[in-house]
Every structure is written in C-alpha cells, then in structure tokens.
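Me: I would like to learn how to read a few side-chain features from a structure. Can we take them one at a time?

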Amino acid sequence: MLHRALMVLAALAGLGASGSALAEELPPGRAHPWQLGFQEAMTPIMAQINDFHTYVTAIIIAITLFVLALMVIVMVRFNEKSNPEPSRTSHNTLLEVAWTVIPIFILVAIAIPSFRLLFAQYDFPKADVSITATGAQWYWIYEYPDENISFNSIMVPDAQLKEGQPRLLTVDNEVVVPVGANVVVSLKSNDVIHDWAVPSFGVKLDAVPGRLQQTWFRAEKEGWFYGQCSELCGRNHAFMPIAVRVVSQDEYDAWVAGKKSASIDAKGKLASARD
Ligand SMILES: [Cu+2]
C-alpha cells in the first residue's frame with residue numbers, strides 16, 4: 001500500500017518537474033501553460049509565501065496519509081471476518097490526551113510561521129519609491145507623488161500587440177521601479193472595489209473607494225512582471241492588467257526624467273494652445 005502511495009507521489013512529482021521544464025520557455029513574472037504551484041518568487045515576501053505554502057502542504061499530506069493508513073488498518077484488521085469478537089474497550093486515557101494535544105501542537109506549528117509571514121507583509125520598510133495606484137473603470141491611474149508624475153495605464157488591445165507582448169497583460173504605460181528598491185504602493189479607487197495583484201511579487205490588496213490601503217514589495221530581478229485586477233469590478237474586470245517593469249537605478253532615473261519633461265511639454269502645449 002505504502003509502495004503504491006509512493007508511486008502516486010512520484011508520478012505527481014514528475015508532473016511538477018515537467019511543469020517547470022515548460023516554465024523555462026517563458027520569462028518569469030507570468031503564468032505558464034500547465035504550471036503547477038505559484039509563479040516564481042521575485043520578492044522576499046513571495047519567497048516566504050512559497051516556503052510557507054510548501055510547509056503547510058507537507059503537513060496536510062502527512063495528516064492525510066496518516067488518516068488513510070488508520071482507515072486501511074481498521075478495514076483490514078477489524079472487519080467481521082478477521083475480528084469476529086470485537087473488544088468492549090470504551091476508554092483509553094493516553095489516546096484521548098494524545099488526540100487533543102497533538103492537534104494543538106500542529107496548529108501552533110502552523111500559526112507561528114503564519115504570523116511571521118503576516119508581520120513581514122505589513123511591516124513596511126522605509127520607502128525608496130512611493131507609488132499611488134488608483135483603480136478606475138477599467139484601468140489604473142498611477143502617481144509618483146515624490147516625482148510629480150502621473151499617468152493612466154490602459155490595456156493594449158490584441159490588434160495592437162507587438163511581437164512578444166503577452167495578450168491581456170500588456171499596457172500602454174507600465175509601472176517602472178528600480179531593482180532592489182523598497183516600493184510602497186498606496187491603493188485607492190475612483191469607483192468600485194478593484195484589487196492590485198502581482199502574483200510573482202506576492203502582492204494582492206483591494207483598492208477600496210474612500211479608503212487608503214498600503215502594500216509594499218522589493219523586486220530582486222529586472223524584467224517585466226504582470227498581474228491583473230483581482231476583484232470582480234464590472235464589465236471589463238478582466239481587461240485591467242498590471243504591468244511592472246523593474247529596471248536598474250540609472251534606467252529608472254532616465255525614465256523619471258523623460259516622464260517629467262513629457263509632462264512639462266504637455267503643459268507647455270496646453271498653455272500655448274490657450275494663448
Ligand atoms: Cu478592477
């Protein structure tokens with residue numbers, strides 16, 4: 001029996017391995033065909049979420065196998081044929097203490113790392129970059145209050161996608177952040193509840209009208225990372241993706257300078273149009 005269970009586990013592990021082989025075809029920061037588990041962790045928080053998930057899954061598997069083994073023993077050894085004279089035992093103090101105390105230990109063993117993770121998620125480091133993200137129907141408005149930059153981020157329709165741009169995830173203006181920087185994202189909403197979620201960053205927080213919420217991430221790899229609005233917010237809920245481009249500090253400074261001069265240009269044009 002144990003042998004068979006091990007074979008099933010080995011087969012599942014094989015599936016996982018083939019899933020990660022497929023994963024290598026695409027860059028990190030997005031879901032892959034036939035993917036099992038979470039997206040690859042790009043922030044320390046997501047790495048911690050991954051570890052916690054593996055840890056709890058191991059506990060669940062152990063408990064499930066234990067209960068399965070007990071059931072099989074009962075079926076084989078205590079059926080009518082093999083055990084015609086049932087015992088009249090109704091009490092076993094040691095067993096009763098054990099089935100009360102052992103689950104308490106298991107719960108404590110889950111609770112401690114769970115609280116540690118919860119504190120890490122809400123323990124904001126000093127922000128290197130502050131961003132305000134506002135959910136709107138159906139796009140995101142981003143502001144960099146320290147840099148005086150603001151722009152809308154709208155999904156690029158299929159017909160306008162360029163080579164290599166992922167469908168339903170590409171936006172016209174992506175969030176740009178420097179690699180290794182602590183980014184604090186303040187979230188609000190213009191209309192209904194949206195949700196700013198980037199799986200590979202381990203970030204998922206509701207944008208609630210009339211309420212300011214905050215989350216943070218520190219991306220440790222350069223590249224493009226994607227997420228989507230994760231709250232059923234209306235007709236175009238599925239079409240308000242979140243794209244984050246993580247770049248080097250120099251590239252980030254250049255991007256900030258470019259955005260600033262673009263907004264000054266736009267203001268200049270507006271002023272001259274008024275004259
Ligand atoms: Cu939404």
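This is a predicted model: local features need pLDDT of at least 70, side-chain atom pairs count only at pLDDT 80 or more; totals for chains, interfaces and linings use all residues.

Me: Are Cys229 and Cys233 buried or exposed?

Reply: Cys229 is buried, at 5% relative accessible area. Cys233 is buried too, at 7%.

Me: How many salt bridges does a search of the whole structure find?

Reply: Side chains of opposite charge can pair when their charged atoms come close. In this structure the search gives 4 salt bridges. One of them joins Lys221 and Glu40, with 3.9 Å from N to O. Lys221 is partly exposed at 38%, and Glu40 is partly exposed at 47%.

Me: Which residue forms a salt bridge with Glu174?

Reply: Arg245 does, and the closest N and O atoms are 2.7 Å apart. Glu174 lies in the loop between strand 3 and strand 4 and Arg245 in strand 10, so the pair ties together parts 71 residues apart in sequence. Glu174 is buried, with a relative accessible area of 12%, whereas Arg245 is partly exposed at 22%.

Me: Which residues form the negative surface patch?

Reply: Glu222, Asp250, Glu251 and Asp253 form the patch. Asp250 belongs to helix 4, residues 249-274. Asp250 has a relative accessible area of 60%, so this residue counts as exposed, the cut-off being over 50%.

Conventions: Residues are numbered from 1 along each chain as its sequence is written. Side-chain values use heavy atoms; hydrogens and water are left out. Patches are made of residues with over 30% relative accessible area and no salt bridge: like charges are joined within 9 Å, nonpolar side chains (Val, Leu, Ile, Met, Phe, Trp, Tyr) within 5 Å. Accessible areas come from the Shrake-Rupley method with a 1.4 Å probe; for residues, only the protein chains shown count as cover. A salt bridge is a side-chain nitrogen of Lys or Arg within 4 Å of a carboxyl oxygen of Asp or Glu. Lys and Arg count as positive and Asp and Glu as negative; His and the chain ends are not counted. The place of a charge is taken as NZ of Lys, CZ of Arg, CG of Asp or CD of Glu. Helices (H or I, at least four residues) and strands (E, at least two) are DSSP runs, numbered from the N terminus. Buried means under 20% relative accessible area, exposed over 50%, partly exposed in between (1.4 Å probe, protein chains only).
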